[in-house]
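User: Please take a close look at one part of this model, beginning with a single residue and moving on to the elements of its chain. State the cut-offs behind each term as you go.

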Amino acid sequence: MTSAADPLLQLRGLSVRYASAGREVRAVDHIDLDLAVHECLGVVGESGSGKTQLLLALLGLCSSAARLAGSIRYRGEELLGAPPARLQALRGRRIAMVFQEPMSALNPYLTVGTQLTEGARRHLQLGRRAARARAAELLATVQIDAPAERLRQHPHELSGGMRQRVMIAMALMCDPEILLLDEPTTALDVTVQAQVLELLHAVRARTGAAILFVTHDLGALASLADRVAVMYAGRLVEQASAPALYTSPRHPYTAGLLRSLPRLDLPVPARLPAIPGQPPDLAELGAGCAFAPRCPLVHDRCASSPPLRALPEARSVACHFEGTAAQIAGAWA
Amino acid sequence: MSAAAGTAPLLEVRDLRVRYGIGTRAASAQRTAAVDGVSFDVAAGESLGLVGESGSGKSSIARALLRLIPATGTVLFQGRDLLQLEGAALRATREHLQIVFQDPLGALDPRMNVAELVAEPLLEFRAASAGQHREQVTRMLGRVGIGSELLGRYPHQLSGGQAQRVGLARALILRPRLLICDEPVAALDVSIRSQIANLLRDLRDELGLSLLFIAHDLATVRFLCDRVLVIYRGQTMELAPRDALYGAPRHPYTRALLAANPVPDPARGAPRAPPPAAVLTAAVASGGCVFLDRCPLAVVRCTQQAPLLRGVEASLVSCHRASE
């Protein structure tokens, strides 16, 4: 049914909607996205962009109040509306997630060892001893010293960076094909962030797992992603290969985000470039482009929502402005 | 931006120490130094950056200056030792020393609306009529970019950036001389961080504020601060003017922090990570350098003798190998 060229994950018209105070909130709005075998796809967005809801939808973990539409195919198999038992068999086994806050994602009452081995015992029917051996081996892989000792510890006995590495080790327990990462570096020191990024590079090289890396930080993503998709107010606004996106962004929002990153490799600016205003309230979105109120290139035509347009080199952008990256950069300057 | 020669600094911190007790049983109740003999000055109108990883002691320094935790040493603020003040004298000083926290929502009382939140310090410290407050509050909120349409909103109805602006208005309404900022942009969206950093700099220049800016984000510190203090395990590793620190970092820890900063350019490769911190080693406990276990330059001497802070050109550095 599937061929090697088929994407591992294929999202088509995926929407996640909630009813909020009598109004419909579209947290995720008609997203088309593919994740290829071994690929690292970055999904970038800020608060309210829908990036976390997108991840939860992939795992069938959205709240029961959410209404999902569209299609989520894993190796050709439709996951949207699939029986809970099927999703449970995939979660942690084929598709594993690393959550943003290890402290709230780990159970404070259970030892690291119990939590690490739970998935492997269930999915792979490993015995206790075999599962613990695998857990110890993975803790060593994620550079945690004295792994056998750590297995007996509780989450509060570990540092923040160590907890994040435990989460990554846990996700790797069943050798998944897809790793979903929700802001895995956000709450960490730059030094620990660099360690986690190094670890993710090593995990990719070693396991060949495909990675979907959700973050608001284009800086942290730069070295790891093959491709980047940018979300704003629930929509996909730009998608391109990482080199193309970072060097010549074609959506004004992407360009604005990139220039507002403080840089150590450039001279100190007189003012930090910023995007004015703030992300929109999803309950109050109008018919037009959601970025228009903050956009330097806003025009009458932006009163209608721009469709995602295909550009050469497998890029796409949702913006009425059809000028060059240089013109977009000029509009921000 | 530094003070004119001859004038005393606004804040003079000497040999500040903060110790936390660990464990309750007598046998294990050893005391750990969170801040271990840190000294620095902040001149009027100056911005000092305070950087280091989690657990380095940077937030403990902020809390000690505000007398929120016990500390020893000397903290001269406008010539008076903050650590010795009590009662009304302490209260009077606090008016001039304010703080902005990392978690903007967590720092605001959820039961107060924006107008009440910003008026609260005035009611605490100044006897004035409600009418006078209203005008002052509206003006200050306008100055931080909060329009009057938000006056009646409660914290949960604000975005992160708006909440941080309200926090800033609350801190500045009493016109303090020194504003301590504890990671004020770390929890905000990238597009909002620069707005708040620009606003902080404008307000500092306009109001003649001094800033003690605590952050682990070296790029924002570089934009805002005149000098930078790098601390590790409660001790000063390097204290240097901005351009010296970023242009010619002297301490291997400073270099490690700088190298770990990601550059948004796929062609540049992954940021370089220093080795993770180990538990305090025996060598450190017996008087060696605190950075020993992570240092790529360590030699035998570093295991035997803790380096003293010494001048290397414009910088103060605590490293045996700094001038090699």
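Analyst: B:Ser323 is exposed, because 11 other C-beta atoms lie within 10 Å. The scale used here calls a residue buried with 20 or more other C-beta atoms within 10 Å of its own, exposed with 12 or fewer, and partly exposed in between, the C-beta atoms being placed from the backbone. The model is predicted: local features need pLDDT of at least 70 and side-chain atom pairs count only at pLDDT 80 or more, while totals for chains, interfaces and linings use all residues. Residues are numbered from 1 along each chain as its sequence is written, and chains are lettered from A and ligands numbered from 1 in the order in which they are written.

B:Ser323 lies in the segment after E12 of chain B. Helices (H or I, at least four residues) and strands (E, at least two) are DSSP runs, numbered from the N terminus. Along the chain, B:Ser323 and B:Leu122 are 201 residues apart, and 51 Å separates their C-alpha atoms.

Strand E12 of chain B covers residues 315-317 and pairs with E10(B) in the antiparallel sense over two bridges; pairing requires that DSSP finds at least two bridges between the strands. One bridge joins B:Leu239 to B:Leu316 of E12(B). Strand E10 of chain B, residues 235-241, is mostly covered, with six of its seven residues buried. Strand E9 of chain B (residues 227-232) also pairs with E10(B), in the antiparallel sense and over six bridges. Among these strand partners, B:Arg227 is bridged to B:Pro241 in E10(B). E9(B) and E10(B) form a hairpin with two residues between them, and B:Arg233 in the turn has a positive phi of about 50°.

E9 and E10 of chain B also take part in the surroundings of H9(B). The buried residues of H9(B) are B:Pro252, B:Tyr253, B:Thr254, B:Ala256 and B:Leu257. They pack against helix H8 (190-207) of chain A, and in chain B against strand E3 (47-51), H7, E9, E10 and helix H8 (242-247).

The contact between the chains takes 40 residues from chain A and 38 residues from chain B, where two residues are in contact if their C-beta atoms, placed from the backbone, lie within 7 Å. On the chain B side, at least two residues each come from helix H5 (160-172), helix H6 (190-207), helix H7 (218-224) and helix H9 (252-259). H6(B) gives the most to this side, seven residues. By class, the chain B side has 21 nonpolar, twelve polar and five charged residues. Ala, Val, Leu, Ile, Met, Phe, Trp, Tyr, Cys and Pro count as nonpolar, Asp, Glu, Lys and Arg as charged, and the others, Gly among them, as polar.

H5(B) and H6(B) also pack against each other: their axes come within 10 Å and cross at roughly 15°. Axes are lines fitted to C-alpha atoms, for helices over the stretch in contact, and angles run from 0 to 180 degrees between N-to-C directions.
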